[in-house]
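Here is a briefing on a structure. Please read it with the coordinates open.

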Amino acid sequence: MANESGILVLVTGTNGQLSSLSTEQLGAARRIAEGLGGNVTAVAFGTGAPDYGRQALAYGADDAIAVEDPSLDEYRNENWTAAMTAVAQERNPALVLIGQTATGRDLAPRFAIRIGTAAAMDCVDFEVSNGTLLMTRPCFGGAAMAKYTSKTLPAVATVRPKAQEPLAQDTSRTGEVRTMTVDAVGVVSQILNREQVQSEGMRLEDAKVIVSGGRGLGSAEAFAELETLAKTLGGAVGASRAAVDLGWIPLTSQIGLTGKVVTPDLYIAVAISGASQHLAGITGARSVVAINKDAEADIFKHSRFGVVADWKTFIPAFTEEVRKLE
Amino acid sequence: MNIVCCVKQVPDPETPARAFKVDEAAKQVVPAPGNPPVISQFDQIAVEAALRIRDALGEGTITILSLGPDSARDAIKVGLAMGADEAVHLNDPAFLDGDGYSTGLTLSKAIEKIGNVDLILTGRQATDWDFGVTGLTIAELLGIPSISITKRVTASGGKIQAERVLADSYETVEVPTPCVVSVSNELGEPRYPKLPQIMQAARKQVTVWTAADLGLSPDQVGKVGARLSLEALYIPQVESKVEFIEGDSPAEQATTLARKLREAKLI
């Protein structure tokens, strides 16, 4: 194709509310559009599509495409890839942005290949240099950063949560929300079962205070101490992948490159070495406090306050001090 | 059942930060002398997933497939030692420095050449570039279904079932064969080969193919055939501004930290 123009942003929502990641993607799209030119078009799938399209206007979209097909309410690779392909072919953008979620990780790679390009996954930043888009993404577990250009158009990128700023909501923005139908496709996959993982307390992504534990804790029981501290601080408990792999805490608590990305005001890392894969999950934390026996631990390079101490004696004492402050 | 496991040899992710170096001009990671490359962890778990399926079915042929230079032989050996039957090594300078597309194309041609493959297993992402696209690219190019980022894979009733790891839930999906499934660390620990198995691995067949063997021309593969172009590779600078909390005892440190955090309005 030729004459690719502007940016197509796949937006999603839950219970009628546009996701915060969608707003971040739209913010990124607006900034990129300043260099690339063209319009920012939001696209949404399913019953809520027209509403999400309208909400997207307030966050920076110039217009929206709503594929209001109820068969798209639930993500399935076959029909979302087909719908995304149909919309992209019609809209002909220079760049497509998808959120780096479980859906995005599954959708973007196949969609990109199908439309003759390749996806740059988990991008944290974008810049336009002489009309060329550069996409920045972490690699080597977050130890390095890489910048890519796309030789084929459109460029396709997934955007990491909390990496980009959304615009301030502006409900005075107007634009066309047009509906589009796509041909139905055969869906060969069948969902046999779904299981909610019981996680107590608030979602890590929403927590303002997180107390997190790593391999150095030594046991599952150690997390009880972190629970007590978290409760005293009104926060949630997280973990590094090492602690999850060791079976000390459920996978829903995992923070890092292949876990959750969190943005608390205060992140207390207990007996966590600071491997880049873990740091990848906390770059958005406002203040990091690290407790580690090893003064050389990498976590201290990324912390505001560091305590070189054995958590076994430090944490109970610290919990007590926090209680006294109340 | 014929299973292909795609594995990759990568720089050791346990390389400490101070030993991790990048050659910015060459846009490559400089191998750390004390940390030899390893099989990508999620790929080793993919081999484990294949072995569990074969154990459950009581039959099956497992082929390790790896694209890489000579050093990829080590990753292949791990797979063979764990219990895979044979291997295919895609070894050709033209294959190197590809992106998800050109590497996926090369792997998918190899899978077609192997023939009769029911299930392709990969790790969810290689622990060097962390893209997480290879398995899905193979599936798209072969026109077959895929299930990504899974913690459990089974074969039953002529179909494949896999449990996807989602943010707060698990979802079991079933697709017909042939298909691609990528696995995550939640699947569990890969089995540790015993010495007799490691020795046996040396006798297993490793077939080597080049671009010509796959009917691919040099401009279709590797860096030349890639759709994404790597423009820069660097280590982000981190200025350490940590304030260490002093104290003669943990109790003293605790008091000081609590005070400082209260002063900073963090608690």
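**Briefing: helices, contacts and backbone details**

Gly115(B) follows α3(B) and has a positive phi, near 80°. Helices are DSSP runs of H or I with at least four residues, strands are runs of E with at least two, and both are numbered from the N terminus. The model is predicted: local features need pLDDT of at least 70, side-chain atom pairs count only at pLDDT 80 or more, and totals for chains, interfaces and linings use all residues. Residues are numbered from 1 along each chain as its sequence is written, while chains are lettered from A and ligands numbered from 1 in the order in which they are written.

**Chain B overall**

- Chain B has 7 helices and 15 strands.
- Along the principal axes, its C-alpha atoms fill a box of roughly 65 × 45 × 40 Å.
- Of the 267 residues in chain B, 50% are buried. Buried means 20 or more other C-beta atoms within 10 Å of the residue's own, exposed means 12 or fewer, and partly exposed lies in between; the C-beta atoms are placed from the backbone.
- Among contacts in chain B with a separation of 6 or more, 71% join residues 24 or more positions apart. A contact needs two C-beta atoms, placed from the backbone, within 7 Å.

**Helix α3(B)**

- α3(B) has 15 residues and reaches 21 Å from its first C-alpha to its last, close to the 21 Å expected at 1.5 Å a residue. The expected span is 1.5 Å times one less than the number of residues.
- The helix is largely enclosed by the rest of the structure, because 12 of its 15 residues are buried.
- The buried residues of α3(B) include Gly100(B), Tyr101(B), Lys109(B), Ala110(B) and Ile111(B).

**Packing of α3(B) on α4(B)**

- α3 (residues 100–114) and α4 (residues 134–142) of chain B pack at an angle of about 60°, with their axes 8 Å apart. That angle makes α3(B) oblique to α4(B).
- Axes are lines fitted to C-alpha atoms, for helices over the stretch in contact, and angles run from 0 to 180 degrees between N-to-C directions. Under 35 degrees is roughly parallel, over 145 roughly antiparallel, 65 to 115 roughly perpendicular, and the rest oblique.
- The crossing of α3(B) past α4(B) is right-handed. Right-handed means that the near helix is turned clockwise from the far one by less than a right angle, and left-handed means anticlockwise.
- On the α3(B) side, the contact residues include Gly104(B), Leu107(B) and Ser108(B); on the α4(B) side, they include Thr137(B), Ile138(B) and Leu141(B).
- By class, this contact has 7 nonpolar, 6 polar and no charged residues. Nonpolar covers Ala, Val, Leu, Ile, Met, Phe, Trp, Tyr, Cys and Pro; charged covers Asp, Glu, Lys and Arg; the others, Gly among them, are polar.

**Helix α1(B)**

- The 17 residues of α1(B) (residues 41–57) should span 24 Å at 1.5 Å a residue, and the end C-alpha atoms are 25 Å apart, which agrees.
- Buried residues in α1(B) include Phe42(B), Asp43(B), Glu48(B) and Ile53(B).

**The A–B interface**

- In the interface, 70 residues of chain A are in contact with 68 residues of chain B.
- Elements of chain A that each supply at least two residues to this side include α4 (102–114), β9 (132–139), β10 (144–150) and α8 (311–325).
- The side of chain A that touches chain B has 34 nonpolar, 19 polar and 17 charged residues.
- Ala144(A) lies in strand β10 of chain A. Ala144(A) is buried, with 22 other C-beta atoms within 10 Å.
- Beyond its neighbours within four places in sequence, Ala144(A) is in contact with Cys139(A), Val22(B), Leu233(B), Tyr234(B) and Ile235(B).
- Ala144(A) and Ser276(A) are 132 residues apart in sequence but 9.0 Å apart in space, C-alpha to C-alpha.

**Cis peptide bonds**

- The bond from Leu153(A) to Pro154(A) is cis, with omega near -5°. Pro154(A) lies in the loop between β10 and β11 (155–159) of chain A.
- The bond from Thr177(B) to Pro178(B) is cis, with omega near -5°. Pro178(B) sits in the loop between β11 (169–176) and β12 (179–183) of chain B.

**Positive phi outside glycine**

- Asn130(A) is not a glycine, yet has a positive phi of about 55°. Asn130(A) is in the loop between β8 (125–129) and β9 of chain A. Asn130(A) is exposed, with 5 other C-beta atoms within 10 Å.
- Ala271(A) has a positive phi near 55°. Ala271(A) lies in the loop between β16 (266–270) and α7 (276–279) of chain A. Ala271(A) counts as buried, with 27 C-beta neighbours inside 10 Å.
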